[in-house]
Structure formats: C-alpha cells, structure tokens
2 protein chains.
Amino acid sequence: MGNKKLRVACYGARGAYTYEAMEKQFGNREKEVIFCPLFEDVVKAVREGQADYGVVPMENSSTGGITEVYDLIQHYDCAIVGEQMVKIEHVLLGVPGATLDDIDTVYSHPQGFAQCREFFMEKRNWKQQPYFSTAQSAEKVAREGKKNQAAVASRTAGRLYGLQVLKDAIAFNSSNYTRFFIIGPAMEIADDADKITLVLSVRHESGALYHVLGYFFYGGMNMTHLESRPIKGKPFEYFFHIDVMGKLRNPANAQTLRGIESMSTYFKILGNYPSYTHKEES
Amino acid sequence: MGNKKLRVACYGARGAYTYEAMEKQFGNREKEVIFCPLFEDVVKAVREGQADYGVVPMENSSTGGITEVYDLIQHYDCAIVGEQMVKIEHVLLGVPGATLDDIDTVYSHPQGFAQCREFFMEKRNWKQQPYFSTAQSAEKVAREGKKNQAAVASRTAGRLYGLQVLKDAIAFNSSNYTRFFIIGPAMEIADDADKITLVLSVRHESGALYHVLGYFFYGGMNMTHLESRPIKGKPFEYFFHIDVMGKLRNPANAQTLRGIESMSTYFKILGNYPSYTHKEES
C-alpha cells in the first residue's frame with residue numbers, strides 16, 4: 001500500500017457489528033471507510049476498485065449463513081483475505097426518557113428481529129419495521145426522536161447515537177457470534193494462513209458429495225463449514241461453499257484439492273487466510 | 001378424518017404461492033383454511049391442534065433454503081407428511097391507471113425482493129418496503145389505492161385483488177420454483193412414500209459428516225438436499241437437515257438409518273412422504 005491511505009468498504013454504519021469487525025482487522029492502520037447500505041455495494045466497491053478491501057458478515061452462530069453474501073462474492077469474483085468474529089449482544093434502544101410502555105414500532109435489520117424472535121413473540125402488537133442495519137436503525141430512531149420508536153442494535157450503537165437501553169440482552173441466545181469475511185480483489189496468502197474457503201459443484205449423481213468429502217478426510221483437511229446454495233437456472237442442484245483447515249502452499253493440501261477439482265463440475269478457491277481461532281485463541 | 005372438515009393452516013394469504021401449493025395438495029377436499037402471517041403461527045397451529053395440517057415454503061430454487069422453517073419444524077416437533085412444488089413468476093403490480101413512472105414505493109416479502117434483485121438494482125430510488133407475504137403486499141396496495149405504490153407478487157394475486165401488471169417477469173431467473181412442506185402433528189407414511197427428511201448432528205471431529213454420507217451411499221439412498229443449520233448455544237456446530245430417497249418400511253433403508261443413528265449425537269426422522277417428482281413427472 002505504501003503511503004496510500006487504505007480504503008475499506010464496510011457494510012452498514014458506524015457502530016454496526018460489521019464496523020467492530022473492521023476495527024479488529026484494520027484497527028491500527030490509517031484508513032478511509034466507505035459505508036455501504038447493501039452487501040452488493042461492498043462487493044462491487046472492491047471489484048471495481050473504489051475500495052482496497054471490504055467487510056461483510058457471512059455467518060451467525062444462531063441464524064446461520066448469510067447466503068446472499070456467498071452468492072455475491074462468487075458472482076463478483078472477489079477473494080477472501082481474512083475473517084473476524086464479533087460477539088452479538090442486542091439491546092432494545094429508545095430515545096432518552098422513553099419507557100417500554102411508550103413503544104409501538106421497532107426498527108432493526110431482519111437478522112436482528114430473527115435473533116430476538118422469542119422476545120418479540122411477547123410483543124405481537126409492536127410493529128416490526130425491517131431496516132438496512134442495526135446501527136442505521138439506532139441512528140434513525142435517534143434522528144427522529146419519537147418516544148414510540150425503538151431499535152434493536154448494540155449497546156455501542158446506543159452510546160454512539162445517544163439512545164438509552166430500554167431492555168437488555170433480548171437475543172434468545174447469549175452465546176451469539178457473527179463471523180465476517182474480509183474480501184479483496186485478489187487472493188493474499190499470509191504466512192499464517194491456515195483456512196481455505198472454496199466453492200464447488202458435483203455431478204448430479206448419487207455419492208458425488210460423499211466422494212468429495214472423502215478427499216478432505218483422507219487428506220487430513222478438517223472441514224469446519226458446509227453451506228449449500230442453489231445454482232441459478234438448475235433447479236435443485238447446488239453449489240457447496242466449504243471451509244477447510246489447510247494451506248495452499250502445503251504440497252499435500254494442494255494435491256488433495258487437485259483431486260477434488262478433477263471430480264467437480266465447478267471448482268473455485270475463494271481464499272486462504274488466517275483463521276480467527278488461530279490468531280486469538282491459540 | 002371421517003366427516004370432520006379438514007382444517008389447514010396456510011402461510012400468507014389467498015393468492016399467495018403457498019396458497020397454490022395448498023390447493024395442489026388438498027384441492028379436491030372440503031376444508032377450512034386458516035391464514036397465518038408468520039411461519040411460526042402455522043407450525044404452532046399444527047402442534048397445538050387448531051389445524052390438522054400446515055403448509056409452509058421451505059426452499060426456493062434461486063435463493064435457497066428458508067432456514068427459519070427448518071428450525072421451527074424441529075423446535076415444535078412436527079412431522080413432514082408431504083411436499084409440493086410451485087413455479088414462481090413474479091410481476092410488478094400497481095393500481096389500475098398507474099404507470100411505472102408513478103411508482104416510488106414497493107411492497108413485497110423479503111424473498112420477493114431477493115428474487116428480483118437485478119430488477120431493483122436499476123430502481124435504487126424506489127423505497128423497498130418489506131411486508132409479510134407477496135399476496136398480502138398485493139392486498140395492501142389494492143386496499144390503499146395509491147398510484148405511487150406497487151407490489152411484487154404473482155399474476156394470480158394481481159387478478160384476485162384487482163391490480164394491473166406494470167412489469168412482467170421481473171425475477172432474475174425464469175426457472176424459479178419453490179418447494180413446500182405439508183406438515184402434520186405426527187408422521188403419516190403413504191404407500192407411495194419415497195422420500196425421507198431427517199435432521200442429525202455429528203461429533204465435532206474430522207470426517208464425521210463424511211462417514212454419515214457413506215452410510216447413505218453404500219445403502220443406495222440418494223441424498224437430494226443437505227442444509228446446515230446452527231445449533232443454539234454451540235457456536236459453529238451444526239444440525240444437518242437431509243433429504244434422501246428411501247422408505248422407512250424398506251428393511252435395508254431402515255438398517256442404513258439405524259447405522260447413522262448410532263454414530264450421530266442427534267438424530268430425528270421428520271417424515272417419509274411421496275416426493276413431488278414421483279407424483280407429477282414419472
């Protein structure tokens with residue numbers, strides 16, 4: 001990068017969980033942050049060169065894969081250069097002076113509502129208004145200043161936008177994490193890269209996926225995630241997005257991957273990057 | 001059922017794609033239909049006995065699994081007694097006399113927007129307003145009668161609610177199908193049942209899923225769908241929802257399933273029912 005200031009496209013807004021993931025990845029580097037309201041804007045900004053990197057959520061430990069992100073990274077031919085993990089702790093935020101009894105309308109990202117489903121089952125008369133992100137929901141409630149409006153977002157977003165916590169810990173799962181991909185226009189393989197993300201499809205025949213997984217097993221590459229995604233125009237055939245532990249520079253791993261490629265009808269390595277566990281917990 | 005009128009809980013509203021699936025399944029039987037605005041209401045109505053059966057979408061050939069439905073069927077301990085397939089053909093609907101130039105706000109289910117993503121990328125100044133279902137979006141636009149409002153829904157919904165088609169075929173994929181589950185409080189195994197849906201989890205160790213798929217492969221049971229879902233409270237461990245061709249009453253299939261159960265940390269058969277292909281295409 002040299003003297004050039006880093007440009008990072010970040011989904012959502014200041015105070016969003018994605019913003020926290022970006023700070024974890026690039027915290028100590030001088031940077032310009034481009035906030036994007038849609039996942040597609042982030043991926044396009046990276047592909048078209050307006051940003052050097054992008055940060056997008058790709059999996060939540062309660063609600064599962066954020067499948068649109070998988071499709072976009074593949075569609076725009078971006079590479080995965082890193083991952084981050086952020087603990088999600090949703091609270092219900094209102095304007096100063098509001099109480100729970102004042103609320104009749106709540107803004108959040110649809111995932112925010114999904115992660116607090118049990119809390120909202122008790123509040124069926126409240127209007128759930130889906131919005132672009134949790135942080136933008138907090139910003140909107142703060143900006144409009146109405147006592148009947150609340151937002152589901154992080155405590156950090158509440159502090160940043162001057163809202164108060166009306167109800168704490170409203171997610172149904174206290175052990176709730178979101179995993180984020182750091183994407184770039186091309187692969188970057190750091191020395192401590194130990195996780196590979198790839199996407200493949202197999203012949204539409206019995207046992208095809210089984211044989212692919214056999215290559216990983218006998219090649220000693222532990223699969224940590226598998227997500228199936230539809231193939232456009234081929235109803236009920238699938239791409240498999242797979243995360244495995246391994247290094248492209250390790251000849252045995254490379255050999256295993258060549259074997260899988262030879263039996264796949266589509267095969268693409270999206271990245272080889274340092275896993276979150278590797279950096280923070282070992 | 002005898003003389004008792006059939007009670008069916010149906011997601012969405014009259015004119016919805018789910019309604020079409022219900023008509024395909026129960027068309028010639030006298031029935032009372034209970035429309036439910038949330039997936040959870042359908043599953044609860046079946047579990048608590050207000051309905052004999054429920055109809056919910058569970059997979060779309062463009063946007064993938066409707067993962068909340070998987071979680072709910074498992075959570076409320078319902079059984080899958082059938083499946084249906086409906087071709088999705090979204091159009092943009094407006095009030096009579098409106099033109100494309102009048103529109104600034106569009107209502108649809110979030111899946112409706114997702115399936116028409118490419119069309120809406122060109123209409124970035126339109127406000128996308130997520131709503132409960134495509135059919136309810138059409139009903140709302142008809143009821144409010146405003147020229148600036150449109151809905152993404154089926155041609156059938158447009159006819160039913162007296163709206164006109166402003167733009168035809170706006171989904172990015174003309175070969176777009178949704179698969180529906182017919183659910184009940186307990187399993188019902190028809191004589192022509194040939195598909196099994198089950199959910200399992202495996203030990204968090206290398207090769208565990210590979211060995212499960214080996215049982216299916218060597219047991220001659222073709223896997224047609226695999227969806228991974230997070231396990232609450234165990235970040236980044238997964239339930240696998242699996243569809244395989246087979247019959248519980250076939251001793252060889254039953255033996256294969258017993259083998260898989262013995263190596264699973266969780267194992268539950270959700271249903272054995274006649275597959276759509278079996279009934280319509282063979």
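Chain A is divided into three parts in this predicted model. Domain 1 is made of two stretches, 6–87 and 177–184. Domain 2 covers 90–167, and domain 3 covers 195–280.

The C-alpha centres of domain 1 and domain 3 of chain A are 22 Å apart. Where the two domains touch, domain 1 of chain A contributes 20 residues and domain 3 of chain A contributes 19. Together they bury about 1,600 Å², and 48% of that area lies on carbon and sulfur atoms.

Between domain 1 and domain 3 of chain A the count is 4 salt bridges. Polar contacts across the same interface come to 10 residue pairs, counting those in which both residues have pLDDT 80 or more.

The side of domain 1 that touches domain 3 can also be described by its elements. Those giving two or more residues to it are α1 (17–26), α3 (67–75), β5 (79–87) and β11 (177–184) of chain A. β5(A) gives the most, with 7 residues. By residue class, this side of domain 1 of chain A divides into 8 nonpolar, 6 polar and 6 charged residues.

Terms used: Residues numbered from 1 in each chain as written. Chains lettered and ligands numbered in written order. Predicted model: local features only at pLDDT ≥ 70, side-chain atom pairs only at ≥ 80, totals over all residues. Heavy atoms only, no water. Domains from an automatic or database assignment. Contact = heavy atoms within 4.5 Å. Buried area = accessible area lost by both parts, 1.4 Å probe. Salt bridge = Lys/Arg side-chain N within 4 Å of Asp/Glu carboxyl O. Polar contact = N/O pair within 3.5 Å; in protein donor to acceptor, adjacent residues only side chain to side chain. Helix = DSSP H or I, 4+ residues; strand = E, 2+ residues; numbered from the N terminus. Nonpolar A, V, L, I, M, F, W, Y, C, P; charged D, E, K, R; others polar.
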